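User: I have a structure to go through with you. Can we take it piece by piece?
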Amino acid sequence: MDRIKKIRNFCIVAHIDHGKSTLADRLIEKTGTLAKRDMQDQLLDSMELEREKGITIKLTPTRMNYTCEGEEYELNLIDTPGHVDFTYEVSRSLAACEGAILIVDASQGVEAQTLANAYLAIDNNLEILPVINKIDLPSARPEEVKKEIEDIVGIPAMHAPCISAKDGTNIDEVLQMIVKEFPCPKGDENGKLKCLIFDSYYDNFKGAICLIRVFDGKVKVGDKIKMMQTGKIFDVTEVGIFVPYAKQTGQLLAGDVGYLAGSIKNISDIEVGDTITNFYDPINTPLPGYKKVQPVVFCGIFPVDGAKYNELKDSLEKLKLNDASLEYQPEVSQALGFGFRCGFLGLLHLEIITERLEREFNLDIITTAPSVYYRVHKTNGQMIEISNPSSLPSPVEIDYIEEPIVKAYIYAPPEYVGAIMELCQEKRGIYKDLTYIDTNRVRLYYILPLGEIIYDFFDSLKSRTKGYASLDYEIAGFEKSDLVRVDILLNGEKCDALSIIVHKDKAYSRGRALTEKLKKIIPRQLFEVPIQAAIGSKIIARETVSAMRKDVLAKCYGGDITRKRKLLEKQKEGKKRMRKIGSVEIPSEAFMSILKLDDEDK
Amino acid sequence: MNGIYIHFPFCEKRCTYCAFSSFCNLQEKDRYIDKLLEEIDEFDTKNLKINENLPIFHKNNDNFDENNILKVDSIYIGGGTPSLLEVKDLEKIFASLNKKFKFARDSEITIECNPNSLTEEKLACYKKLGINRLSLGVQSVDDEKLKFLGRLHSSSQALEAIRLAKKYFDNISVDMLIGIKGQEEQAFIDELDSLIEEGVNHISTYMLQVEEGTELARQYQKNPFLLPDEDETVKIYEKTRKFLANRGFIQYEISNFAQKNKESRHNIKYWTGENYVGFGLSAHSYIYGFRSANANNFSDYYSGKKVLYEKLDKGQLIEEAVMLGLRCYCGVDITYLRKLGYDIENNENFSYFCDKNIIKKENNRVFLNPKYYGISNYIIVKLLG
């Protein structure tokens, strides 16, 4: 049983930008897992987009060997995504560990996700070790930050190592702490197989791969395994560990972290949080904590060029291979033609997917404004869930509508409390609580409609608090709300892709803002174009794009027509990005612009 | 038939809005004339090539005489300010041209003049040299506007110049600018009226545009209200079209109006794909489907550098035919386009535009309704899609 005593499974949690991936790099480098020449910054963030945005989207576990006082230890680091969209994924990777390193930026102090992630770790009964990072910064205040951690998070922090992951200062201290302070895994390698799936990805040759933590028993090539939640059965074709590239080991034993392949064709067969057991000798109860991941934000994605529908479909399929949480189904819009209604874990997830479609698959796409899902209770007693404003039944059929709400926690310096409360008020928030964490920071607790959060809440919060506020939220059920659909009519014709669902009290102002915005975006056409906002048949706002009068190049001097030709080329380019709705041409960016109403028009 | 363009790039003073090749270093003039004459002397019909993408060309019919010399029926001397050219230099230029080209007896020979540099003596010489058309850069008959534009003449000088010119010429064109801040619809019409009273035969009306690198552009950057609203400008343009039609002027191109038989033969070549050979700094040529342009600085020009030399492909020929043809009353030849591989009648917007009376089809040609000249670019792009 000595083997298991030498294993340490841990993860690193932090607020965004506090240095999680950089510390991971240093640990890998220090333990000699990879030679320095093979290192590239933020090693575990393998996607181009991850490095660019400084966020971790996919998890990558790494095994490192470390010798401490003459004994060799096996350290398994499980990197975690650092964004509120991926809270469930984080909680599952935490469940695979015994310890968590909580990194806190020495100048920023405790932030919303510091706390949210620390609580997740506490919920999973992990040993938490605080680490103060970025002590190389002139504004570093490690002693104060330690006190903040003790006061706010409520864990001892006075002996927390003060490090600079960037410069490599005090990394050894962290490694020794991992060995000495984190408990080793408990588990019986002779017991029945009990494994947690904490992530998955798709490999073109091996099929879908499960990232697993073995709690009890062992799993080896040739075993027949069963996924307890989905009920699927597979034959294990390969097991191994990451160092940090995949390395076959033939088997994994209790306490180990690694991967498992089993000719699994469809990534949807692997659900994060599911428990794997042996088909012939199964356990009875799966591991706790499993949830079916549900998308919370939806939008329509359409190809700019209608002929590229199949390309878009293929691209979404490929993305889905690696990302089970992405959901999509075909959608037809009168305005935009054939496309897909896609569901995401949050706005960041949405942004990542759309950006990958454009960059990695080189597609020009139109994205409609994000929406949440509503529960519509009809007068006939039926309840339907809709995420597309244009599927909202007519008002006479609706008894009432419920919208998703969230518990939102906002951390900010006290001087911004007024501004934040004002914002939450505007966003239909219900005030719950205000706590002074210390003299420099308060925590505001609000109940807010999710629909308002996805409608530029984060940007407004940042701009009204000069970037000092941080936000964390969790879905907290549904609440009845007085909602209406605002439609946009262009030249008298309804443009379904521009419809939005808003609270009745905001319908007028939003309708007005929308028509004003569209007036700015829609270029003049051959004929005058009225832009109207309507609730049902009632017009609530109107703007007019007057007819185009001037689009002519006058002088063609001395037979020089090259300039005319250049202009023509430019106009032809512009035409490609236009969508025709009835007789009206609108630029593709109009559909997303609905989101950006507030910041500009204030 | 073929036309010749001669560029004279010198001015006494640069106008605030001007983006054409013009320079105020008149001391360069003599060397420039020498090089210009050299360029004409080096012209050789043997070097002319024919772009095989062209479905029809006129070689061997009326473009060459029996000795393979290019036949020409128009010369246009533009600038700059060609009226600053000394008569002896003009004589040399004509002599050189005469050696290289065969001129039709009724050739249209135009020189651009500034009202302030025109004298009776000069006019008499022009006439003697065979020049038979004057294009006067009047631009405005309102002193305030002339000052804003940086012109050197006053409104009374402009009218006086026309009066003087009328003594020698019966084909006088004036350039006018639309879209100057403070320009009033009726006042502008009155200005046009006064010009017609003086007996002008041809009026070009251009819309003032802010061109990169000009003094106007610098001012405009500081003050975006320097130019009137686009709608105002177009209103004046529309009024101009109606007024000139009433006064017997035919609108033969977006910016050009002429009394009967006073349309500029040379300008029409630009719109209809006929050949023109350009000599001088920044001069453009179009010969049998090839476009070329001389450099627009002196040293490069002297070394014979071209900044453009291209053989138009079928797509470009189609685009140019539509773009240029729709600008003028000649329209576009549907058969010609079809020979190039483009069936304009199959264009998705064609029948819609016909229904809306935006374009019309007649005698196998397509014409843009002059009411829509103001937005011709938009229509043209739609018809090319």
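User: Among contacts in chain B between residues at least 6 apart in sequence, what share joins residues at least 24 apart?
Analyst: That share is 69%. Keep in mind that this is a predicted model.

User: Noted. How about chain A, what do residues 24 or more positions apart account for there?
Analyst: They account for 68% of the contacts in chain A with a separation of 6 or more.

User: What does the secondary structure of chain B come to?
Analyst: Chain B has 14 helices and 15 strands.

User: And how many helices and strands in chain A?
Analyst: Chain A has 16 helices and 32 strands.

User: What percentage of chain A is made up of buried residues?
Analyst: Buried residues are 58% of its 602 residues. For chain B, the figure is 59% of 385 residues.

User: Switching to one residue. Where is B:Q139 placed?
Analyst: B:Q139 sits in strand β4 of chain B, which spans residues 133–139.

User: Is B:Q139 buried or exposed?
Analyst: Buried. Its relative accessible area is 7%, and the cut-off for buried is under 20%, so B:Q139 counts as buried.

User: Which residues does B:Q139 touch?
Analyst: Leaving out residues up to four places away in sequence, B:Q139 touches B:Y17, B:L149, B:R151, B:D175, B:M176 and B:L177.

User: Now the interface. How many residues of each chain are in contact?
Analyst: 29 residues of chain A contact 50 residues of chain B.

User: What area is buried between chain A and chain B?
Analyst: About 3,700 Å². Carbon and sulfur atoms give 57% of it.

User: Why quote an area at all?
Analyst: Because the size of an interface is often given as the accessible area lost when the parts come together.

User: How many salt bridges does the rule find across the interface of chain A and chain B?
Analyst: Four. The side chains of A:E585 and B:K382 meet in a salt bridge, at 2.3 Å from N to O.

User: And how many residue pairs in polar contact?
Analyst: The rule finds six across the interface of chain A and chain B, with both residues at pLDDT 80 or more.

User: Which helix gives the most to the side of chain A that touches chain B?
Analyst: Helix α14 of chain A, residues 562–576. This helix gives 10 residues.

User: How do the residues on that side of chain A divide?
Analyst: On the side that touches chain B, 14 are charged, 11 nonpolar and four polar.

Methods:
Residues numbered from 1 in each chain as written. Chains lettered and ligands numbered in written order. Predicted model: local features only at pLDDT ≥ 70, side-chain atom pairs only at ≥ 80, totals over all residues. Heavy atoms only, no water. Contact = heavy atoms within 4.5 Å. Buried area = accessible area lost by both parts, 1.4 Å probe. Polar contact = N/O pair within 3.5 Å; in protein donor to acceptor, adjacent residues only side chain to side chain. Helix = DSSP H or I, 4+ residues; strand = E, 2+ residues; numbered from the N terminus. Nonpolar A, V, L, I, M, F, W, Y, C, P; charged D, E, K, R; others polar. Buried < 20%, exposed > 50% of the residue type's maximum accessible area, 1.4 Å probe, protein only.
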